[in-house]
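Subject: Structure for you to look at

Hello,

Here is the structure I said I would pass on. Please open it first, and then read the notes below with it on screen.

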Amino acid sequence: MTSSPDPDQPPLDTARHIRYWQRCFRSLLPHHYTANDSIRLTLGFFIVAALDLLSSPSSYSEPPSNPSKASLITPDDRKRLRRWVLSLQHPLGGFCGSPHHVLPAKYTTRWDPMTETKVALDPANANIAATYFALLLLGILADGDGSKAYEGVKRTETLRWLKRLQRDDGSFGEIVDEDGYVGGGRDMRYCYLAATIRWILGGAELGEPEDLNVDALVAHIRRAQTFDGGMGETSMHESHAGYAYCGVAALSLLDRANPDAAAQPNRYLHAGISSIPSLVYFLACRQFDYVDPNSDEENEDGEASNNHELPDVSNLNLSDSAHITGFNGRFNKVADTCYAWWVSGALTMLGESRVLDRGPARKFILEKTQHLIGGFAKHPGGPPDVYHAYLGLAALATMAGAEGAKEEGLGRFDPRLCIGVEASERIAKGRQALLAPPEEDDLSESEKEELERIKKRLNWDKTLERMERMKAKWRAEGRIASLEMEKWNPYDPPKWNDSDE
């Protein structure tokens with residue numbers, strides 16, 4: 001099913017949006033983005049994910065015979081961008097948000113002779129948001145079925161780094177500094193990012209000591225529900241639709257990683273939200289009638305005081321349907337494109353998308369915030385930006401999918417990861433490859449015979465015993481055994497005298 005909800009609904013001008021995203025991809029972004037260079041990886045995610053959504057196999061009325069050629073991201077671009085994303089990886093786990101945060105190797109780590117491990121000199125350069133976007137990008141850009149999506153990712157190091165970002169109260173921060181201090185807020189965004197990273201890299205399967213404290217995380221999310229049913233940073237803070245989405249998505253991904261998911265469906269979703277009906281009501285109330293603001297009514301900042309009028313209760317009629325509806329994230333705020341996504345995404349994961357009115361919401365996005373040059377603006381009349389332009393597409397795809405329909409020109413959408421379904425499937429394949437046991441030795445018979453000859457020539461077992469004795473001697477002398485070992489050629493170890501030991 002690909003038709004619009006009714007004949008009066010405007011179509012999505014996909015050609016216009018493709019041109020917008022190709023300009024963002026192939027040329028320089030407007031100068032307004034200069035101050036956002038520290039999140040260059042995030043901007044790259046929105047651009048690449050949009051191009052993928054607009055050209056994935058399910059975006060076509062007839063699936064293309066060659067999906068690779070039909071994609072707006074060429075094979076050469078995929079390889080180039082994968083190299084770029086991996087170049088932002090920190091040696092000790094996590095990803096940096098911009099090339100300007102990646103220091104030369106000698107400034108990133110140092111050897112700690114006391115623990116005989118490498119420690120980070122610049123731990124604050126890797127951050128949780130960049131790591132989330134990097135892992136999603138690697139899945140979107142993966143070739144084939146995605147089984148090689150995470151080749152080159154430091155899985156164990158990243159999961160250990162992620163665990164250091166969790167506080168005792170279950171919350172997560174954004175960075176950890178040289179002293180182990182966790183920086184950043186305690187809101188639901190970091191909880192969602194952590195749950196996504198954990199699921200993709202298989203933290204649950206790796207187990208202790210790399211896995212998170214899941215029970216503490218769930219308890220922290222549960223404490224965030226407020227008196228009005230929404231979610232804030234804590235129960236004492238203002239509720240927010242964006243936080244609600246992040247809380248629901250985090251719990252949904254914890255359920256997806258639950259090894260007993262079949263026996264305990266939605267275990268964490270129910271444990272982490274004290275009142276799901278209250279949350280659904282809060283989210284449903286974020287949709288409201290949109291009326292063009294009166295240009296004569298402006299606030300101190302020169303903006304319209306509201307974009308909806310208070311109804312005359314005496315004239316209300318239950319049979320009246322809204323013409324155009326927008327969404328806000330909090331009470332008494334104006335309609336904003338991105339909240340169509342945060343609200344519809346959360347309700348879809350809760351299985352309650354029926355409470356939304358898709359047709360009027362769709363009109364707001366396509367008639368009020370869709371820009372002449374493509375993309376979507378934050379508010380009606382504003383310029384497009386990559387954040388709202390992508391989440392506008394996400395909202396359209398999600399609301400259509402919730403009705404069993406498809407937004408023409410867009411692929412199917414996964415609300416948990418905020419990417420197209422095909423990209424999500426590649427990520428799942430890449431995750432499976434990470435969890436697969438290592439392949440058995442695939443040396444040929446001739447190679448195995450050569451290896452045995454080398455071991456025999458070197459008297460390998462005795463050589464290993466002498467290496468262990470030398471390590472003990474070096475440690476006693478205050479030398480670093482691993483650094484001494486790095487000086488050796490394993491195929492031509494030094495000739496020892498008994499006095500050397």
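Start at Pro 209, which sits in the loop between helix 8 (203-206) and helix 9 (214-222). The peptide bond that leads from Glu 208 into Pro 209 is cis, with omega near 0°. Keep in mind throughout that this is a predicted model.

Next come two residues with positive phi. Asn 332 has phi near 65°, a positive value, and is not a glycine. Look for Asn 332 in the loop between strand 8 (325-327) and helix 13 (337-349).

Cys 418 is not a glycine either, and its phi is positive at about 60°. You will find Cys 418 in the loop between strand 9 (413-414) and strand 10 (419-420). Is Cys 418 buried or exposed? It is buried, because its relative accessible area of 9% falls under the 20% cut-off.

That brings us to the cysteines. A disulfide is a covalent bond between the sulfur atoms of two cysteines. How many disulfides does a search of the whole structure find? The search returns zero. Cys 418 is in no disulfide: the nearest cysteine sulfur belongs to Cys 246 and is 9.7 Å away, whereas a disulfide needs the two sulfur atoms within 2.5 Å. Another cysteine to look at is Cys 96, which is buried, with a relative accessible area of 2%.

Regards

Definitions and conventions:
Residues are numbered from 1 along each chain as its sequence is written. This is a predicted model: local features need pLDDT of at least 70, side-chain atom pairs count only at pLDDT 80 or more; totals for chains, interfaces and linings use all residues. Side-chain values use heavy atoms; hydrogens and water are left out. Buried means under 20% relative accessible area, exposed over 50%, partly exposed in between (1.4 Å probe, protein chains only). Helices (H or I, at least four residues) and strands (E, at least two) are DSSP runs, numbered from the N terminus.
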